[in-house]
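The sequence and structure are shown first.

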Amino acid sequence: MILKKSLSCKLPKPLGIGGIVMVLLLFLTLALPSVVMAMAQAPPVHENAESTGASHVSQKERLAVSGRIVNPHKTGVDDVVLTVFLNGKKFEPAAKEGQHAHGEEALKTEADGSFQTVLVLPKGSIEKGKIEIVAYKPSYEKGKVELDNSRIAFDGKRYLAHVELSIKRTRGPAFWIATVVFILAYILISFELLHRTLAAMLGAATMLVISYTIGTINPEYHILSYESAIHAIDMNVIFLLMGMMIIVGILKHTGVFQWSAYQCYRLARGNVIILSVILMSFTAVASAFLDNVTTMLLLTPVSIEIALSLGINPLALLIPEVLASNIGGTATLIGDPPNIMIGSYAGLTFVDFVINLAPVCVVSMIVLFVYSKFAYKNEYGKAKITDIQAFIEKLRQEYQITDSQLLTVGSIIMTMVIAMFLTHGFWHMEVSIAALFGAALLFTYGLITNKIDLMELIEKDIEWTTLLFFMFLFILVGAVEETGLLDLIADWVLHLSHGSLVASICLILWVSAIMSAFVDNIPFTATMLPIVGYLTQVIPGADSGVLWWALAFGACFGGNGTMIGASANVVTLGIAESAGHPMKFFGFMKLAFPYMIISVAIANAWLLLFY
C-alpha cells in the first residue's frame, strides 16, 4: 500500500490531447525562429553550385553575364529564351544572383531585349572551357555567341561579360499561319461576311489557340503569347474612347447637339454645300489640336441631327468630316498618334510639324471641298426647303437647350478635359487619363442629381462593339508584328530604295499610305522608325528630315483609304451604324480611297519640289 502510494506520487499523469498540443506549440514557438534564421543564413543552392563545405567555394568561378538581344532593325526582342552551354553540355544558370533557376525558360529577355544572370562555374572553366549562349524565339532563327576572352573582363571580384546578339527573322509556320489568319479576318471584315467585331475576335482567338495547342507541342507554331496579346492592346485608345463616349452620352441629355445643328444650319442659310464646308473646316481645325477620335465623337451626333433635319443621308456629311479629321490631324505634332511617335523618336518640335506639314494639309482640305461637292452632288440636291427662314425658326424652337444646369457643368468639365489634352505632354500624361477623369466627374454629377440613368448610359451610349473591335484588332496586328510581317515590308522598302533620296521618299510615302489604309498605322509607324532613322543618316540630302515628313504624310493620309484605316473612321461609322445608317466596307472605300490617292500625290509633289 505504501509502495503504491509512493509510486502514485512520483508518476506524472498522462498529458492528454490538450497537453500534447500545448507542448507542440511551445516547441514551435521556441524552436521555429532559430530554424528560420538558420535557413535564411544558409547560402542559396544551385544545381551548378556546391551546397556544402566552405572548401568547395574556392573551386568555383563567378561570371556575371549581361546583354541585349536585338532584331536586324536594332530593336530589342522580348521573351527570347537563353540557354547556356558549357563544353557542349547544357548548363543551368541562376535567373538572378541568389535565386534558383527553374528550367530553361527561367532566363528570358525583358521587354527591351535585355537580360542578366550569374554563372557559378567550375574552377578553370573561364580560361579553358567553352561557354556558349544560344538565343531562341519562335519566328526567329537561333542565335549563338561564344563567351571567349575578348568578351570577358575581371573587376577584382568576379568575371564580367557583355553580349550584344542580333537574331534574324524566319518565315516559319507561325509567320504563314498569322499572315493567312490576318488576311482572312480582313476579308471577313471587308466583305461583311461577319460583323467586324466578331471577325476580329475570331481571328485573334484562332491565333491564341494555335499558339497554346500546336505551339506548345512545336514552338515553331507559337504565334504570340497571351501576355503579348494583352500588351498589344493600346488601352490608351480604349479608355480615351470610353471616356469620351460617356461624356458625349451625358451631354446628349442637354440638347446641345440639336442646338448646334440649328446654329450650323443658320450659318449656312440652307446651302448644304456651304454647310458641309463649315463642318469639314471645323473638324480639321479641331483635329489639329485635339485627338481626331475625340473630335468625331463630339461632331458625329451633331452631323446626324443636321442631316436628318435636311432629309439627306447622314453619311453624306459624316464621310467628308472623317476625311477632314485625318487631314487636319496630320498638321501638328499632337494631331495624330504617328506624329507623336515620329516627333519623339526624331526629336522634332511642334513648330517643325506645322511648318513642314500644315501647308499640304491646307491644300488637301481645299481639294476635299471640291471633291465632296462632286461626290455627293446628287445627295446634297435632295435637300429641298422652300422657306429657309421658316425652317430656321422651326429648328430654333425644336432644338433648344433642355438642361442648362447639366450643360454648364458639362461645359466646365469639358473645358478642363480639353485643356489637359492640349497640355498632356507637359504633364507626361496619357490623354485617356484626362478623358476618364472628366467622364467620371460628369457621370458622378449626373447620378447624384438624378439627371442620368446609370444602366441606360452604360447599355446605350457606350459603344461596346466598337471598343471590342479595337481590342481584337490590336491583337491581330500585334500577331503579324510579332511574327515579322511588318518587318518584312519595312525591309522591302529599305532594299528597293538603293540609296536614292527620291526613291526613298516615294517608297516610304506610298507604302506607308497603302499599309495604313489596311493595317493600324501605330505599329507600322513603330516598325518604320528605325528604318527611316537609318536612311536619314546614310542617304545624301535626307538630313533635312524629308523622310520623316514622308512617313508622317503616308501614315496619317493613308488612314483615309478604308473604313478601318483610322480610329476616327471606325468610331464615326460605328455611331452611324447604331443610329441606323450603316456603311459598307467597299462603299466607304469607293468614296474615300480615290481622295486618299489624290492627297498622297499632293504630298509627294510637295516633298519632291521643296526638299
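How many salt bridges does the count come to? In this predicted model, the count comes to 9 salt bridges.

## Overall build

The chain contains 26 helices and 8 strands. Of its 611 residues, 51% are buried. Among contacts with a separation of 6 or more, 76% are between residues 24 or more positions apart. The accessible surface is about 29300 Å², and carbon and sulfur atoms account for 65% of that area.

## A salt-bridge network

D78, K137 and E482 are joined in a network of salt bridges. D78 pairs with K137, with the closest N and O atoms 3.0 Å apart. This pair connects distant parts of the chain: D78 sits in the loop between β1 (60-70) and β2 (81-86), and K137 in the loop between β5 (131-136) and β6 (143-146), 59 residues apart.

K137 also pairs with E482, where the closest N and O atoms are 2.6 Å apart. Here the two residues are 345 residues apart, with E482 in helix α20. K137 is buried, at 7% relative accessible area. E482 also counts as buried, at 19%, because the cut-off for that class is under 20%. D78, at 23%, is partly exposed.

R396 and E393 form a salt bridge with an N to O distance of 2.5 Å. Both residues lie in helix α16 (residues 388-398), 3 residues apart, or about one turn of the helix. R396 is partly exposed, with a relative accessible area of 36%, and E393 is partly exposed at 31%.

## A buried glutamate without a partner

E463 lies in the loop between α19 (454-461) and α20 (464-483). This residue is buried but has no salt bridge; K252, the nearest side chain of opposite charge, is 6.8 Å away. Apart from neighbours within four places in sequence, E463 contacts M245, G574, I575 and S578.

## Pocket and cavities

The largest pocket holds about 970 Å³ of space. It is lined by 30 residues, and those closest to its centre are D78, H231, E481, E482 and A526. Two or more lining residues come from each of α7 (226-232), α20 and α23 (521-538). The largest contribution is that of α20, with 6 residues.

There are 2 cavities of 30 Å³ or more.

Note on methods
Residues numbered from 1 in each chain as written. Predicted model: local features only at pLDDT ≥ 70, side-chain atom pairs only at ≥ 80, totals over all residues. Heavy atoms only, no water. Helix = DSSP H or I, 4+ residues; strand = E, 2+ residues; numbered from the N terminus. Buried < 20%, exposed > 50% of the residue type's maximum accessible area, 1.4 Å probe, protein only. Contact = heavy atoms within 4.5 Å. Areas by Shrake-Rupley, 256 points an atom, 1.4 Å probe, with all protein chains shown as cover. Lys, Arg positive; Asp, Glu negative; His and termini not counted. Salt bridge = Lys/Arg side-chain N within 4 Å of Asp/Glu carboxyl O. 1 Å grid on protein atoms, 1.4 Å probe; cavity = no way out; pocket = protein on both sides within 12 Å on 5 of 7 lines; lining within 4 Å. Points joined across faces, edges and corners; volume = space filled by probe spheres on them.
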